[in-house]
Amino acid sequence: MNRDRVNRILARIPTHLIVIGTILIWVIPTLGLLITSFRPVQDVNTSGWWTVVAPQNVSGPYVQYCASCHGADGKAIPEADLSDPNLIARYPRSLQLMAILRQDINGKPHMGDVPLPTSQEAADIAAYLRNYSSGQAGTARFTTSNYVDALVGYRGRASYFQDCREGTQALDLKCNASDLLNPRGMGRAFLNSLLVTIPATVLPILFAAFAGYAFAWLHFKGRFLLFAILVGLQVVPLQMTLVPISRIYAQLGLNGTFLGVWLFHTGFGLPYAIYLMRNFLGSLPSDLFEAAYLDGASHWTAFRRLVIPLAMPAIASLGIFQFLWVWNDLLVALVFLGGTTPVMTYQISNMVTSLGAGWHLLTAAAFLSMLLPMVVFFSLQRYFVRGMMAGAVKG
Amino acid sequence: MASVTYENVYKRFGDMVAVDNLNIHVDDKEFLVLVGPSGCGKTTALRLLAGLEEISSGAIKIADRVVNDVAPKDRDIAMVFQSYALYPHLSIYDNMAFGLKLRKTPKEEIKRRVTEAAEVLGIQDLLTRKPRQLSGGQRQRVAVGRAIVREPKVFLFDEPLSNLDAKLRVQMRAEISKLHQRLQTTFIYVTHDQTEAMTMATRIAVINKGKLQQIDTPQNLYDHPGNLFVAGFIGSPAMNFFPGKLRKDNGRLVVDAGDFVVPIPEKKAGPYKAHADKNITFGIRPENIHDENFVPLNIDVEKVAVKVDVTELMGNEIFLYLISGKNTFVARVDPRSSLRVGQQAHVMFDMDNFHIFDAETEETIR
């Protein structure tokens, strides 16, 4: 009996390994992004997020190259006091540090006989000196300023709060709560995303519920053909229709309007939504509807009092899918809304400059845009689990 | 409270004729049971009456009003489904009140009727529960209750007991009978179980292949089946049939079944005389075959030689599966019978209770 148990445990090991592996593959990068989004921009630029967990011992290169002259505490040469933050602030990167190391001091090479550090070592020395001079050597630093900067659309070199303190903020920032609605920021984009997503989720589900009921329970000629055609429409790729629809929208004046995006998402959400709703409603027992008709229900009453409550699992799953799809959509929003009323995805794609700077903002913005989908998923997921039909018929 | 009439009703699904020229008149306050094998069209007949299927031709009348084109909800009928068809998201109270609410019945009236029906069915304590929290029998009561509160002219039952276990079925059978006496309304009840039909009905309509075979009271149906199908369908275990010939032998009419010959008593021979030398089917119910040693008094019996194949002791009786030549048949004999498997013996056919059917038309000869 004991051997059976050991065998069972052994047999499960591969499954467990695969599950754990998959979880790690997804969780580790996400965790990295989350940590990065809370780190100050200087730290993001100089060291990896994992150093938060195990602070790097960067004093090694300093001891190797600098300590012999500057001393262990950096104060050995008074005219070059390495514990002075103002002095260190002049060498934020390895490049500036290497430049001064290559210069002669009093006609002699800076480093004397010691070879120059590699650029990686120079970066470690610069980071160590910066942390050391600010009295934070070896501790991880966290800040929420990335989130604030992303929300208000701050694009400067320091941070929103610092600029506001010094009065050097950009012209479009007022340094009060109204900055949350700054068109360049994620706050405003969040509202725009909501304005796009909610109707673009509700409309297709509503239409699909009507259509699903009709296809499942109304007997009219050609319904199977019509249903097949509708489902077949799923093969039309969205990208193929961008140009023709954009031209139609131009004639109708719908380009750049929310209505245009709602209609587009509704149109492309419907085939799958109808397919799912029809199959779900078709699987409800026909006795239920017949009982309702005998009880005096019209089609409309049956739809409102029976179909909507019973179809909640289908509506919830459709809602989650459509919501996530529209919320995360960049292409349609880019084409039909563009920069006039930017949504979150559009704003995120604008966070990183062409030189790759600003991705501390990107990580914060990404997490801001993840918040609502998470809320939606966790609040609706119980509908997946619960069997709504239990008790309707003999079971 | 209304009569129901089927007049030359047909229902076709494509080429398939589900209901074939059905003519039935159900009187007010009658309990009619439609019975037949699976797929015989009995449920379709009921659904035509409910308005869930459209009639292909003919007319259905409820209380002398033709309802062919009347919507189900305006026919003033209530139906109990085999699957109960309770609304899973509503409480038991709301399930029962659903139809009344849709008909804009006043709130107090709804409450009165639901409470009353719940008391009749003994489900007062369940009103706040959801259907999934109920057992099968309780759900069945709720389904009946939902029909009662509507106070319809006609109640329709579509195999309401076939999802219940055997014990519960017997109990619900009695309760539905009681309900019929109490409500004094027309009941139309569909089942494939002839026991249900026999125990509950005031009249039974036997249907096969879409056609009405016979409609009569349970006792008449049992004693005087109109044709071979009805004879075989009503009664359990089923009637034994022997293909054979009617023949004159020494001036007496006899049934020649090949392996045995039994003479027909003179007092019963009347109707058969015209059919001498015809192929017939001889039918006799298991309880009319007796062990040689336990024959009731005062009946005409004929001896038939058999071999015992299987015996089934039921306690109050014994089922004997007998072989006579190429015929196998069942006898329901006195439990004191000492016949054993493999034994060669004689059994006694009660010649006061037998049936003879025309081999071609399968109609009863009488």
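This briefing walks through the strands, sheets, helix contacts and chain contact of the structure above. The model is predicted. It scores ipTM 0.84 and pTM 0.76. Chain B averages a pLDDT of 90, and 100% of its residues score at least 70.

**The six-strand sheet of chain B**

- An open sheet in chain B has 6 strands, in the order 6-7-8-3-9-10.
- The pairing in this sheet is mixed.
- Strand 6 and strand 10 (211-216) of chain B stand at the edges. Each has a single partner strand, so one side of each is left without a neighbour in the sheet.
- From one strand to the next, the twist averages 15°.
- Met79(B) has Leu156(B), in strand 7 of chain B, as its bridge partner.
- Asp216(B) in strand 10 of chain B stands opposite Ile204(B).
- Strands 9 and 10 of chain B form a hairpin with 2 residues between the strands. Lys209(B) takes a positive phi near 50° in this hairpin.

**The five-strand sheet of chain B**

- Another open sheet of chain B has 5 strands, ordered 13-12-11-14-20.
- Its pairing is antiparallel.
- Which strands stand at the edges? They are strand 13 (261-263) and strand 20 (355-358) of chain B. Each has a single partner strand, so one side of each is left without a neighbour in the sheet.
- Neighbouring strands here are turned by 40° against each other on average, direction ignored.
- Strand 20 of chain B is joined to strand 14 (residues 279-284) of chain B by 4 bridges, and the two run antiparallel.
- Opposite Gly283(B) stands His355(B), in strand 20 of chain B.

- Strand 1 (residues 4-13) and strand 2 (residues 16-26) of chain B pair in the antiparallel sense. They share 7 bridges.
- The bridge partner of Phe13(B) is Met16(B), in strand 2 of chain B.
- The two strands form a hairpin with 2 residues between them. Gly14(B) in the turn has a positive phi of about 65°.

**Helices 2 and 3 of chain B**

- Two packed helices are described by the angle between their axes and the distance between the axes.
- Helix 2 (residues 92-102) and helix 3 (residues 107-121) of chain B pack at about 135°. Their axes are 10 Å apart.
- This angle makes helix 2 of chain B oblique to helix 3 of chain B.
- The crossing of helix 2 and helix 3 of chain B is right-handed.
- Helix 2 of chain B contributes Tyr93(B), Met96(B), Ala97(B), Leu100(B) and Lys101(B) to the contact. Helix 3 of chain B contributes Ile110(B), Arg113(B), Val114(B) and Ala117(B).
- These contact residues divide into 7 nonpolar, no polar and 2 charged.

**Helices 8 and 19 of chain A**

- Helix 8 (residues 145-152) and helix 19 (residues 359-380) of chain A pack at an angle of about 75°. Their axes lie 8 Å apart.
- That makes helix 8 of chain A roughly perpendicular to helix 19 of chain A.
- On the helix 8 side of chain A, the contact residues are Asn146(A), Tyr147(A), Asp149(A) and Ala150(A).
- They meet His360(A), Leu361(A), Thr363(A), Ala364(A), Ala365(A) and Leu368(A) in helix 19 of chain A.
- The residues of this contact divide into 6 nonpolar, 3 polar and 1 charged.

**Where chain B touches chain A**

- How many residues does the contact take from each chain? It takes 24 from chain B and 21 from chain A.
- On the chain B side, strand 6 (77-80) and helix 2 of chain B are the elements that give two or more residues.
- The residues on the chain B side divide into 15 nonpolar, 5 polar and 4 charged.

**Backbone details in loops of chain B**

- A cis peptide bond joins Ser236(B) and Pro237(B), with omega about -5°.
- Pro237(B) is found in the loop between helix 8 (228-233) and strand 11 (240-249) of chain B.
- Tyr84(B) has a phi near 75°, a positive value in a residue other than glycine.
- Tyr84(B) is found in the loop between strand 6 and helix 2 of chain B.

How values were computed. Residues are numbered from 1 along each chain as its sequence is written. Chains are lettered from A and ligands numbered from 1 in the order in which they are written. This is a predicted model: local features need pLDDT of at least 70, side-chain atom pairs count only at pLDDT 80 or more; totals for chains, interfaces and linings use all residues. Axes are lines fitted to C-alpha atoms, for helices over the stretch in contact, and angles run from 0 to 180 degrees between N-to-C directions. Angles under 35 degrees count as roughly parallel, over 145 as roughly antiparallel, 65 to 115 as roughly perpendicular and the rest as oblique. A crossing is left-handed if the near helix is turned anticlockwise from the far one by less than a right angle, and right-handed if clockwise. Two residues are in contact if their C-beta atoms, placed from the backbone, lie within 7 Å. Ala, Val, Leu, Ile, Met, Phe, Trp, Tyr, Cys and Pro count as nonpolar, Asp, Glu, Lys and Arg as charged, and the others, Gly among them, as polar. pLDDT is the predictor's confidence in each residue, from 0 to 100. Two strands pair if DSSP finds at least two bridges between them.
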